[in-house]
Amino acid sequence: RVLFRSLAIRGWFRSNGFRMPSTAVLDNFIRSFVDSSPERSPLFKLGGSLEIRRYQDVAHLIKLSPLPEDCVWDLREPVIQLPENNGALSFTLPVEADMSKVIERPARLQIRYRKGGERIRLENQRYHHELRNLFQEQQIPPWIRDRIPLIYFIDQGIPELISIGGIWQSEKQTNWPPLKFSWDPPDGIDPSGALKKRSEEHTSE
């Protein structure tokens with residue numbers, strides 16, 4: 001059984017174009033990744049930006065760039081390419097909306113990333129939700145969570161989280177320009193399809 005598993009793993013490495021691991025590396029991979037308890041989410045670095053991650057007992061091959069930096073979105077441009085190749089954000093407006101009211105205050109919209117403790121009050125809901133709980137409920141893999149762009153509206157110097165990558169919208173969003181945000185993530189970041197599934201659910205809501 002052990003020999004068969006080692007051969008299967010070596011075959012997987014070969015079929016994906018990776019250099020064949022040494023016996024020591026393979027043993028470490030099996031011990032830390034394959035044989036670890038089901039509730040853990042281990043990772044195995046292949047070199048460069050490639051990693052194998054396990055989430056909900058399924059292994060995923062992913063390619064990650066460095067964590068992106070915060071930035072300001074000038075809404076005169078409907079699409080922004082995010083730093084560190086973190087995909088692109090875009091927005092759309094209803095036909096009856098006044099675009100001039102949006103571009104009057106472009107510097108007050110900021111793109112940030114999760115630091116911990118963020119909360120959002122969702123549309124048609126009375127209470128705030130912690131991002132951590134939303135991500136867990138929707139089964140968003142851990143390696144995606146820190147890369148989902150958080151869109152803030154700065155109101156009188158106070159940042160208000162109005163959208164989580166276009167996947168969730170806040171109650172505040174309904175009181176400002178009726179923008180609909182969308183995040184096109186980089187290739188290879190969502191092999192589980194969890195992000196795409198949630199985005200499709202939001203679009204249909």
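Tutor: The side chains of Glu 51 and Arg 53 are joined by a polar contact of 2.9 Å. A polar contact is a pair of N or O atoms within 3.5 Å; within protein, one must be able to donate a hydrogen and the other to accept it, and residues adjacent in sequence count only if both atoms are side-chain atoms. This is a predicted model, in which local features need pLDDT of at least 70 and side-chain atom pairs count only at pLDDT 80 or more, while totals for chains, interfaces and linings use all residues. Residues are numbered from 1 along each chain as its sequence is written, and side-chain values use heavy atoms, with hydrogens and water left out.

Glu 51 belongs to strand 2, residues 50-55. Strands (E, at least two residues) and helices (H or I, at least four) are DSSP runs, numbered from the N terminus. With a relative accessible area of 8%, Glu 51 is buried. Buried means under 20% relative accessible area, exposed over 50%, and partly exposed in between, using a 1.4 Å probe and protein chains only. Arg 53 is buried, as is Glu 51. Apart from neighbours within four places in sequence, Glu 51 is in contact with Phe 44, Lys 45, Leu 46, His 60, Leu 61, Ile 62 and Leu 64; contact means heavy atoms within 4.5 Å.

Side chains of opposite charge can pair when their charged atoms come close. Arg 53 and Glu 51 form a salt bridge through their side chains, at 2.9 Å from N to O. The term covers a side-chain nitrogen of Lys or Arg within 4 Å of a carboxyl oxygen of Asp or Glu. There are five salt bridges in the structure.

Another of them joins the side chains of Asp 70 and Lys 115, at 3.9 Å from N to O. Asp 70 is in the loop between strand 3 (58-63) and strand 4, and Lys 115 is in the loop between strand 7 (109-112) and strand 8 (119-121), so this pair ties together parts 45 residues apart in sequence. Asp 70 is partly exposed, with a relative accessible area of 43%, whereas Lys 115 is exposed at 65%.

Glu 130 also has a salt bridge, with Arg 132; their closest N and O atoms are 3.2 Å apart. Glu 130 is partly exposed, at a relative accessible area of 27%, and Arg 132 is partly exposed at 47%.
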